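The sequence and model come first.

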Amino acid sequence: ATIPATTTNVTEIIIYGSSWGEGTDQPGSRNSRLLKYTNNLQIFKRTHTTTGSAMGEQVWIKVDGINGTSGYLWYYKGQFDEYKRMKNEREVTLMIGTKTTNTTLANLASPDESTNITTEGLIPFITNYGNTANYPLISGITLSDFEIAIATQLDKNRGAKENTMWNGITLSQNMDRFMRAEMKNGGISYGAFNGDKEKAISFNFDSFTLSGYTFHKKTYDVFNYPQMLGAAGQGFSTIGLVIPADKVVMSLGENKTKTNVPAMRINYLSQAGSGGGYKRDWEEWMTGGANNVFTNQSDKIDYNLRSHVGFEGFAGNRFLQFVGI
């Protein structure tokens with residue numbers, strides 16, 4: 001109705017519609033702006049080497065091998081350990097990896113090959129495109145911290161009504177304590193024992209709902225593993241990642257084709273879509289000159305592992321991380 005006078009204070013005005021006179025021309029175009037997000041695929045490689053002589057030695061303990069095999073040869077365990085290490089290192093990279101920005105490092109590959117690039121993981125993705133809520137480490141997280149995060153971040157950014165929450169052990173225990181404190185006056189419904197031989201009381205809380213938002217709490221072991229993210233000086237045991245558990249349905253193209261968009265996924269190179277069979281998400285092969293593998297003249301076996309993958313997140317504004325300060 002009236003245009004306010006210009007002042008030094010910033011006043012936010014909501015434009016909720018428009019009104020035009022009869023016979024007037026069309027207004028100028030109003031275009032949406034997109035937030036551009038790009039990421040890389042990263043090549044992971046590992047090798048386990050065993051000499052031909054060592055492969056002939058036996059141990060008295062049966063060990064598991066690759067792809068469900070087992071035997072009494074110690075080298076199976078060495079290969080299987082390398083397999084698990086490769087899987088673990090790839091998972092942690094997809095969790096905390098950052099993009100390579102040092103051009104000198106990126107160009108260390110041989111001259112006839114491309115640069116060395118790395119993928120951005122889940123936590124940097126949330127830091128760069130999502131939301132961060134702080135809570136006090138000394139007094140611990142409270143129900144009020146969740147209420148504020150929901151109102152000012154998740155609900156404002158159309159967050160998912162159902163979420164998984166991946167916590168470090170310190171934050172997970174902290175949440176159990178504050179929920180027990182909130183429910184000490186009788187808000188907890190305990191299941192009755194049915195004459196079972198063993199009886200136990202659970203002091204853990206797996207899920208809770210607040211302001212219409214549900215959180216399924218999980219303790220992510222890697223955050224507290226002392227030889228990985230739980231190493232001395234790391235702060236991962238106190239963080240919590242709120243991940244959307246739903247899939248958003250989008251209508252794309254002229255035909256309005258509906259497609260489900262996940263919260264995140266792992267991408268890899270593949271010819272499967274064009275009729276080929278080659279996929280680079282996970283590869284294993286043997287080279288050497290022993291134990292019925294004869295590809296060269298060496299008296300050893302190399303168990304080779306390779307994976308070419310990259311993290312991709314969707315709608316970072318729907319993600320949230322709790323960080324203790």
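## Basis and salt bridges

A salt bridge is a side-chain nitrogen of Lys or Arg within 4 Å of a carboxyl oxygen of Asp or Glu. By this rule the count comes to 8 salt bridges. The model is predicted, so local features need pLDDT of at least 70 and side-chain atom pairs count only at pLDDT 80 or more, while totals for chains, interfaces and linings use all residues. Residues are numbered from 1 along each chain as its sequence is written, and side-chain values use heavy atoms, with hydrogens and water left out.

Helices (H or I, at least four residues) and strands (E, at least two) are DSSP runs, numbered from the N terminus. For accessibility, buried means under 20% relative accessible area, exposed over 50%, and partly exposed in between (1.4 Å probe, protein chains only).

Asp 81 and Lys 84 form a salt bridge with an N to O distance of 3.9 Å. These two residues are 3 residues apart in helix H2 (residues 74-96), so about one helical turn separates them. Lys 84 is partly exposed, at 40% relative accessibility. Another salt bridge joins Lys 161 to Asp 155, at 3.9 Å from N to O. Here Lys 161 is partly exposed at 47% relative accessibility, and Asp 155 is partly exposed at 35%.

In a further salt bridge, the side chains of Asp 246 and Arg 318 meet at 2.9 Å, N to O. Asp 246 sits in the loop between strand S8 (240-244) and strand S9 (248-252), and Arg 318 in the loop between S14 and strand S15 (320-324), so the pair ties together parts that are 72 residues apart in sequence. Asp 246 is partly exposed, with a relative accessible area of 28%, whereas Arg 318 is buried, at 11%.

Asp 145 belongs to helix H5 (residues 143-154). Asp 145 is buried yet has no salt bridge, and the nearest side chain of opposite charge, Arg 177, is 12 Å away. In this search Lys and Arg count as positive and Asp and Glu as negative, and His and the chain ends are not counted.

A polar atom of the Asp 145 side chain does lie 2.9 Å from the backbone nitrogen of Thr 142.

## Largest pocket

The largest pocket has a volume of about 420 Å³. A pocket is an open set of points on a 1 Å grid over the protein atoms alone, where a 1.4 Å probe fits, with protein on both sides within 12 Å along at least five of seven lines; lining residues have an atom within 4 Å of a point. Grid points are joined across faces, edges and corners, and the volume is the space filled by probe spheres set on the points.

Its lining includes Leu 34, Tyr 37, Phe 125, Tyr 129, Glu 312 and Phe 314. Helix H4 (122-129) and strand S14 (300-313) are the elements that give two or more residues to this lining. By class, the lining has 7 nonpolar, 3 polar and 1 charged residues. Ala, Val, Leu, Ile, Met, Phe, Trp, Tyr, Cys and Pro count as nonpolar, Asp, Glu, Lys and Arg as charged, and the others, Gly among them, as polar.

## Positive phi

Most residues other than glycine have a negative phi. Ser 211, not a glycine, has a positive phi of about 55°. Ser 211 is in the loop between strand S6 (207-210) and strand S7 (213-219), and is exposed at 53% relative accessibility.

Asn 291 also has a positive phi, near 55°. Asn 291 is in the loop between strand S12 (283-290) and strand S13 (293-294), and is partly exposed at 44% relative accessibility.

Notes:
A polar contact is a pair of N or O atoms within 3.5 Å; within protein, one must be able to donate a hydrogen and the other to accept it, and residues adjacent in sequence count only if both atoms are side-chain atoms.
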